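Subject: Structure handover

Hello,

Here is the structure you are taking over. Please open it beside this message and follow along.

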Amino acid sequence: MLILSSLAPEIAEVGQYESHAAFTMPGLYRVVHGIDVFDPKFNIVSPGADMSIYFPYTEKEKRLTSLHRSIENLLFDPDQNDEHLGRLDDHSKPIIFSMARLDKVKNITGLVELFGKCARLREIANLVVVAGYNNVKRSNDREEIQEIEKMHELIKTYDLFGQFRWISAQTNRARNGELYRYIADTQGVFVQPAFYEAFGLTVVEAMTCSLPTFATLHGGPAEIIEHGISGFHIDPYHPDQAASVLVDFFDKSTKDPGYWKAISEGGLQRIYERYTWKRYSERLMTLAGVYSFWKYVSKLERRETRRYLEMFYILKFRDLAKSVPLVVDDEH
């Protein structure tokens with residue numbers, strides 16, 4: 001089987017996947033030869049974004065300008081309701097934008113806290129997030145409820161009204177695509193602050209819309225982005241450093257407007273080189289052939305099957321086998 005994975009062995013980050021090679025299940029099983037991340041089956045076959053929905057903000061003739069009124073309502077309507085909370089007083093500032101589920105691992109509240117703590121960042125930019133619900137009564141998920149409560153607490157603690165907008169989850173893909181481009185019109189950026197991200201489809205979407213992108217260095221985005229060329233890596237475990245990277249980008253863009261454009265174009269070029277559906281299909285066909293060859297010339301399948309059966313025996317059948325009475329001949 002060919003794994004459609006965000007893992008590219010030739011450029012995997014040190015420490016990113018090695019924990020799968022050897023690990024312990026306390027009291028149950030000790031794995032000393034687990035996943036080999038350099039195995040041919042783990043070659044990357046990364047998906048692209050739908051370019052009929054996600055395309056550069058510079059392609060004016062394709063822009064969905066009919067959606068701008070509703071996008072502006074999402075961003076700037078002063079009403080506080082279940083769809084949007086908070087407000088942006090200065091509409092001239094560039095927007096720091098993020099969109100994800102409101103899960104702990106996505107770390108949206110971490111981004112809000114990072115923004116709240118950094119006076120310089122708040123001075124030069126607004127923050128807009130699209131994430132989950134903003135009312136605990138609308139959620140049945142315990143983890144999301146905790147994140148909703150934390151978000152409200154952060155808004156109060158850092159007095160974010162006027163600089164922060166929280167929009168509930170949006171499912172209209174066409175409008176989301178135009179939203180990325182609208183953020184690019186403000187000379188804004190996209191931030192993906194997850195503690196870990198297996199691939200990072202929103203990163204690809206934002207870059208496809210030519211929106212400069214800052215994303216976690218833990219997981220797939222570390223491979224998607226070339227730091228300082230097609231975007232920036234940030235470490236969610238070091239929010240002060242991440243804030244400094246953002247501030248530095250906005251300061252450089254203010255001094256040299258060409259800098260924002262260079263990163264924007266670098267991100268789009270990276271997408272064209274690696275993350276289009278055409279590239280996906282070509283690489284899938286190539287790697288399917290490569291994997292078939294390796295499977296033919298190696299003991300790959302037999303070795304892995306044996307490991308799996310050994311694990312299954314140790315965890316499940318060894319104790320069961322002890323409970324089965326021995327068969328003995330009848331005494332005469």
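The expected span of a helix is 1.5 Å times one less than its number of residues. Helices (H or I, at least four residues) and strands (E, at least two) are DSSP runs, numbered from the N terminus. The model is predicted, so local features need pLDDT of at least 70 and side-chain atom pairs count only at pLDDT 80 or more, while totals for chains, interfaces and linings use all residues. Residues are numbered from 1 along each chain as its sequence is written, and side-chain values use heavy atoms, with hydrogens and water left out.

Helix H4

Helix H4 (residues 142-157) has 16 residues. From its first C-alpha to its last it reaches 22 Å, close to the 22 Å expected at 1.5 Å a residue. At its start, a side-chain oxygen of Asp141 comes to within 3.1 Å of the backbone nitrogen of Glu143.

Which residues of H4 are buried? They are Glu144, Glu147, Ile148, Met151, Leu154 and Ile155. Buried means under 20% relative accessible area, exposed over 50%, and partly exposed in between (1.4 Å probe, protein chains only). Seen down the axis of H4, the buried residues fall within an arc of 125 degrees, so they line one face of the helix. That arc is taken from the directions from the helix axis to the C-beta atoms. Their cover includes helix H2 (108-117), E5 and E6, where contact means heavy atoms within 4.5 Å. On the other side of H4, Arg142 and Lys156 are exposed.

The sheet

An open sheet of 7 strands runs in the order E3-E6-E5-E4-E7-E8-E9, with mixed pairing. Two strands pair if DSSP finds at least two bridges between them. Strand E3 (84-88) and strand E9 (232-234) are at the edges with a single partner strand each, so one side of each has no neighbour in the sheet. On average, neighbouring strands of this sheet are turned by 20 degrees against each other, direction ignored. Axes are lines fitted to C-alpha atoms, for helices over the stretch in contact, and angles run from 0 to 180 degrees between N-to-C directions.

Strand E8 (residues 213-216) pairs with E9 in the parallel sense over 3 bridges, and Ala215 stands opposite His233 in E9. Two helices pack on the sheet. Helix H5 (residues 173-185) touches strand E4 (95-99), strand E5 (126-130) and strand E7 (189-192), and its direction makes about 155 degrees with that of E4. Helix H8 (residues 239-255) touches E4, E7, E8 and E9, and its direction makes about 170 degrees with that of E7.

Gln170 lies in the loop between strand E6 (163-167) and H5. Is Gln170 buried or exposed? Gln170 is buried, at a relative accessible area of 15%. Its side chain makes a polar contact with the side chain of Arg175 (2.5 Å). A polar contact is a pair of N or O atoms within 3.5 Å; within protein, one must be able to donate a hydrogen and the other to accept it, and residues adjacent in sequence count only if both atoms are side-chain atoms.

Most residues other than glycine have a negative phi. Asn107, in the loop between E4 and H2, has a positive phi near 60 degrees and is buried at 8% relative accessibility. Gln187, in the loop between H5 and E7, has a positive phi of about 65 degrees and is partly exposed, at 33%.

Regards
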